[in-house]
Amino acid sequence: MRRLFAAALGAALLLGLAPAAQAFPDRPIRLIVPYGPGGITDIAARIIAPGLGEQLGQQVIVDNRPGGAAMLGFGMTARAPADGHTLVLATTALAANPVLFRDIPYDARRDFTPVSLVGLVPMVLVVPRNSPVNSIAEFVSLAKQRNGQMNYGSAGNGSGNHLTTEMFMHAAGIRATHVPYRGGGQVMTDLVAGRVEFVFAVLPTARPFILDRSLRALAVTGRTRSEAVPSVPTVAETVLPGFALYEWLGLLGPAGLPEPILAQLHRAAAAAVRDPAIAERLKNIGVEGQGSDPAALAAHLDNELRRWDDLAKHVRFEVAQ
């Protein structure tokens, strides 16, 4: 009996000394933003990060990793351990880059785990205040007359401005010359100065110029009018019925996230995005908060990949190495 008691006591002591399974998260979470500070992706990340951290019980640290048309930040996320402590706030670039670049250090479908669609961001077509066009119908008519002689600016090859413009031009049957810049600030400066003739800009960037009448807004790309510029019509209600195009923000982790961790991350992201205070701040910068489940983001990403691949069959993009 003494031997049995001693064995039982020893086993109990060993069990007591064995480390308990670590709960997730057990350290701060890194939220990679594949762009520099100050852009809409960075601003949105900094709005949701505190709420996400509150839901998870750990600090969420925004980590700006710009470069390579967002491929640097996407690649870092794809190579990170699949333990839930590294996430990325992805954008349309994740779906569009495969048609713009030959060598991509990740596969958009295989190398990520979708967590939640965070938000949709409508774009707005803006022209200088001295532009001869006062409506999007006049704009399309002029573009057809000039047959490729108009020019438009973007923040660079593969940027949201570039891709939205190409999608719109394909749908409208018009052509224009792409003038890529190294960032969004300079393209807006040159648009105000009349050095480029139009830009599809995200609403938060364009709204101050619209309000001070430096730029004229012709149409927004969302399904409905934006509360930020309610007098501006949609593309769909004017020249292209059914047309809707958004920049989007999605939270993803590396491939292979364990299901319990994925479920916890999704619940936290959805709760954060749907928090009234956070939702209001997102709305104020032009982001329509979503907070979808992982399956909805996976379907959205798949649709976006197919849409840009289809566009590449009709539009000749300049493909970079």
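Helices (H or I, at least four residues) and strands (E, at least two) are taken as DSSP runs, numbered from the N terminus. The structure is a predicted model, in which local features need pLDDT of at least 70 and side-chain atom pairs count only at pLDDT 80 or more, whereas totals for chains, interfaces and linings use all residues. Residues are numbered from 1 along each chain as its sequence is written, and side-chain values use heavy atoms, with hydrogens and water left out.

On this assignment, the secondary structure of the protein comprises eleven helices and ten strands. Along the principal axes, the C-alpha atoms fill a box of roughly 100 × 40 × 30 Å. Of the 321 residues in the protein, 51% are buried, where buried denotes under 20% relative accessible area, exposed over 50%, and partly exposed in between (1.4 Å probe, protein chains only). Contact is defined as heavy atoms within 4.5 Å. Among contacts with a separation of 6 or more, 77% are accounted for by residues 24 or more positions apart.

Helix α2 (residues 40-56) packs against helix α9 (residues 259-274) at an angle of about 130 degrees, the axes being 8 Å apart. Axes are lines fitted to C-alpha atoms, for helices over the stretch in contact, and angles run from 0 to 180 degrees between N-to-C directions. Angles under 35 degrees count as roughly parallel, over 145 as roughly antiparallel, 65 to 115 as roughly perpendicular and the rest as oblique. Helices α2 and α9 are therefore oblique to each other. Their crossing is right-handed, a crossing being left-handed if the near helix is turned anticlockwise from the far one by less than a right angle, and right-handed if clockwise. On the α2 side, the contact is made by I48, G51, L52, Q55 and L56, and on the α9 side by Q264, L265, A268, A269, A271, A272 and V273.

Residues A44, I47, I48 and G51 in α2 meet I278, R281 and L282 in α10. By class, the contact of α2 with α10 has five nonpolar residues, one polar and one charged.

Strand β1 (residues 29-33) is mostly covered, with four of its five residues buried. Strands β1 and β2 (residues 60-64) run parallel and are joined by five bridges, pairing being assigned if DSSP finds at least two bridges between two strands. Within this pair, I32 stands opposite D63 in β2. Helix α3 (residues 71-79) is likewise mostly covered: seven of its nine residues are buried, namely M71, G73, F74, G75, M76, T77 and A78. The buried residues of α3 pack against β1, β3 (86-90), α4, β4 and β9 (246-254).

Residue N97 is placed in the loop between α4 (93-96) and β4 (112-128). With a relative accessibility of 0%, N97 counts as buried. Apart from neighbours within four places in sequence, N97 contacts A69, M71, F74, I104 and Y106. The C-alpha atoms of N97 and M71 are 8.2 Å apart in space, and the two residues are 26 residues apart in sequence. By way of a second pair, G184 and R225 are 41 residues apart in sequence and 24 Å apart in space, C-alpha to C-alpha. G184 belongs to helix α7 (residues 184-192) and, at 33% relative accessibility, counts as partly exposed.

Most residues other than glycine have a negative phi, and most peptide bonds are trans. A cis peptide bond joins F24 and P25, with omega about -10 degrees; P25 is located in the loop between α1 (2-17) and β1. A70, a residue other than glycine, has a positive phi near 75 degrees. This residue, A70, lies in the loop between β2 and α3 and is buried, with a relative accessible area of 2%. R213 is not a glycine, yet has a positive phi of about 65 degrees. R213 is found in the loop between α8 (203-211) and β8 (215-220) and is exposed, with a relative accessible area of 65%.

How values were computed
Nonpolar A, V, L, I, M, F, W, Y, C, P; charged D, E, K, R; others polar.
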